[in-house]
Amino acid sequence: MLTKKVEEFCNRQIEREGYSSNLYLAMASWAESKGMAGIGAWLYAQAEEERMHMLKFIKYVTERGGNAVVPAFKQPPVKYKGVKEMFKEVLKHEQFITGSINEVLAVAIIEKDYATTNWIQWFVNEQVEEENAVQIIIDKLELAGEAGLYFLDRDIMALRSTAPTE
Ligand code: FEO
């Protein structure tokens, strides 16, 4: 059985993973509308992964006898300044999510909930992969510059197969 505090933090994380999914969907749609199908595909797939993260939390809270809350989500931005700026926002957002996962872990430790402490390690590792995957794209964008964007978009389409799963 989850303590109220751990349940509260897990529910907060459900909202944050769900918002991440919607944020990446909005970015995917924007990228696709600007002719960047590869970047769009990467972000659509990322949006699916974030939805899976939200589901993992929902199922875990329920399995541990808590009440999972499926919240309303605020609307993500519709327009982005540019591709590099957008991926910098993705990185900033993932760093925020890493901090948020760490807070769930910290609360689980304080509450002596060792099952959650153990369960959430998957997310701790996932965040290392996700931040790294986004940093790789930012590095490529820096290298390619505006002129190389067409080829980079093709590359990123191929990168999808090596991106973190789940
Ligand atoms: Fe589920 Fe990208 O954090």
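**Figure 1. Lys4, exposed at 60% relative accessibility, in a salt bridge with Glu7.** The model shown is predicted; local features need pLDDT of at least 70, side-chain atom pairs count only at pLDDT 80 or more, and totals for chains, interfaces and linings use all residues. Residues are numbered from 1 along each chain as its sequence is written, and side-chain values use heavy atoms, with hydrogens and water left out. Exposed means over 50% relative accessible area, buried under 20%, and partly exposed in between, using a 1.4 Å probe and protein chains only. Glu7 is buried, its relative accessible area being 11%. The N to O distance between the side chains of Lys4 and Glu7 is 3.1 Å. A salt bridge here is a side-chain nitrogen of Lys or Arg within 4 Å of a carboxyl oxygen of Asp or Glu. Both residues belong to helix 1 (residues 4-33), where a spacing of three residues puts about one helical turn between them. Helices are DSSP runs of H or I with at least four residues, strands are runs of E with at least two, and both are numbered from the N terminus.

**Figure 2. The salt bridge of Lys5 and Glu8 in helix 1.** The closest N and O atoms of this pair are 3.9 Å apart. Lys5 and Glu8 are three residues apart in helix 1, which means a separation of about one helical turn. Lys5 is partly exposed at 38% relative accessibility. Glu8 is also partly exposed, with a value of 44%.

**Figure 3. A salt bridge between two loops, formed by Asp113 and Arg64.** The side chains of Asp113 and Arg64 come to 3.3 Å, N to O. Asp113 sits in the loop between helix 3 (83-110) and helix 4 (114-119), and Arg64 in the loop between helix 2 (37-63) and helix 3, so the pair ties together parts that are 49 residues apart in sequence. Asp113 and Arg64 are both buried.

**Figure 4. The salt-bridge network of Lys84, Lys88 and Glu142.** Salt bridges link these three residues in a network. In total, the model has six salt bridges by the rule used here.

**Figure 5. Lys112, a residue with positive phi in the loop between helix 3 and helix 4.** Its phi is about 55 degrees, although Lys112 is not a glycine. Most residues other than glycine have a negative phi. Lys112 counts as exposed, with a relative accessibility of 60%.

**Figure 6. His93 in helix 3 and the residues around it.** His93 is buried, and its relative accessible area is 11%. Contact means heavy atoms within 4.5 Å. When neighbours within four places in sequence are left aside, His93 is in contact with Arg16, Tyr19, Ser20, Leu23 and Tyr24.

Figure 7. Glu94 is buried at 2% relative accessibility. Val134 lies 40 residues from Glu94 in sequence, with a C-alpha to C-alpha distance of 8.7 Å.

**Figure 8. Lys74 in the loop between helix 2 and helix 3.** Lys74 is exposed, at 57% relative accessibility. Asn22 is 52 residues from Lys74 along the chain, and the C-alpha atoms of the two are separated by 9.0 Å.

Figure 9. From the N terminus on, the order of elements is α-α-α-α-α-α. The radius of gyration is 17 Å, close to the 15 Å from the globule rule for 166 residues, so the protein is as compact as a globular protein of that length. This radius is taken over C-alpha atoms, and the globule rule is 2.2 Å times the number of residues to the power 0.38. The C-alpha trace spans about 55 × 25 × 25 Å along its principal axes. Of the 166 residues, 47% are buried. Among contacts with a separation of 6 or more, 82% come from residues 24 or more positions apart.
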